[in-house]
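I opened this model to note its fold, its confidence and a few single residues. The entries below keep the order in which I looked things up.

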Amino acid sequence: MKVQCCCCKKTRTDQNRWVEEQPEPADRVSHTYCPKCYEREIRDLRSAMLLNTPMAVAH
Ligand SMILES: [Zn+2]
């Protein structure tokens with residue numbers, strides 16, 4: 001089974017490297033994040049959460 005990043009569409013190789021390669025149509029593909037996109041997603045998520053947090057009002 002292939003593992004593909006759902007963001008940048010890179011595919012993980014047996015050597016645990018991420019390469020720009022399309023899986024064969026016959027391959028079963030599992031979608032996940034590559035480390036790069038994972039970090040970016042987490043960062044975006046964090047800043048989105050910060051933005052959505054109501055600011056403490058200073059009196
Ligand atoms: Zn990616």
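**Ground rules.** I am working with a predicted model, in which local features need pLDDT of at least 70 and side-chain atom pairs count only at pLDDT 80 or more, while totals for chains, interfaces and linings use all residues. I number residues from 1 along each chain as its sequence is written.

**Confidence.** I looked up pLDDT, the predictor's confidence in each residue on a scale from 0 to 100, and found a mean of 89 for the protein chain, with 90% of its residues at 70 or more. I noted that confidence is lowest in H1, at a mean of 92, and highest in strand E3 (residues 18-19), at 96.

**Fold.** I counted helices and strands as DSSP runs numbered from the N terminus (helices are H or I with at least four residues, strands are E with at least two). On that basis I have one helix and four strands in the protein chain, and along the sequence they follow the pattern β-β-β-β-α.

**Burial and contacts.** I call a residue buried if 20 or more other C-beta atoms lie within 10 Å of its own, exposed if 12 or fewer, and partly exposed in between, with C-beta atoms placed from the backbone. Buried residues make up 3% of the 59 residues in the protein chain. For contacts I require that the C-beta atoms of two residues, placed from the backbone, lie within 7 Å; of the contacts with a separation of 6 or more, 55% come from residues 24 or more positions apart.

**Helix H1.** I find that H1 covers residues 35-52, which is 18 residues, and that it reaches 25 Å from its first C-alpha to its last, close to the 26 Å expected at 1.5 Å a residue; that expected span is 1.5 Å times one less than the number of residues. Is H1 buried or in the open? The number of its 18 residues that are buried is zero, so H1 lies largely in the open. I also checked Lys36, which is found in helix H1 and is partly exposed, with 13 other C-beta atoms within 10 Å. The C-alpha atoms of Lys36 and Cys5 are separated by 9.7 Å, although the two are 31 residues apart along the chain.

**Ser30.** I place Ser30 in strand E4 (residues 29-32), where it is exposed, with 12 other C-beta atoms within 10 Å. Leaving aside neighbours within four places in sequence, I find Ser30 in contact with Met1 and Val3. The C-alpha atoms of Ser30 and Cys5, 25 residues apart along the chain, are separated by 8.5 Å.

**Positive phi.** I noted Lys9, in the loop between strand E1 (2-5) and strand E2 (11-12), for a positive phi of about 65 degrees although it is not a glycine; with 14 C-beta neighbours inside 10 Å, Lys9 counts as partly exposed. Asn16, in the loop between E2 and E3, has a positive phi of about 65 degrees and is not a glycine, and I count Asn16 as exposed, with 8 C-beta neighbours inside 10 Å.
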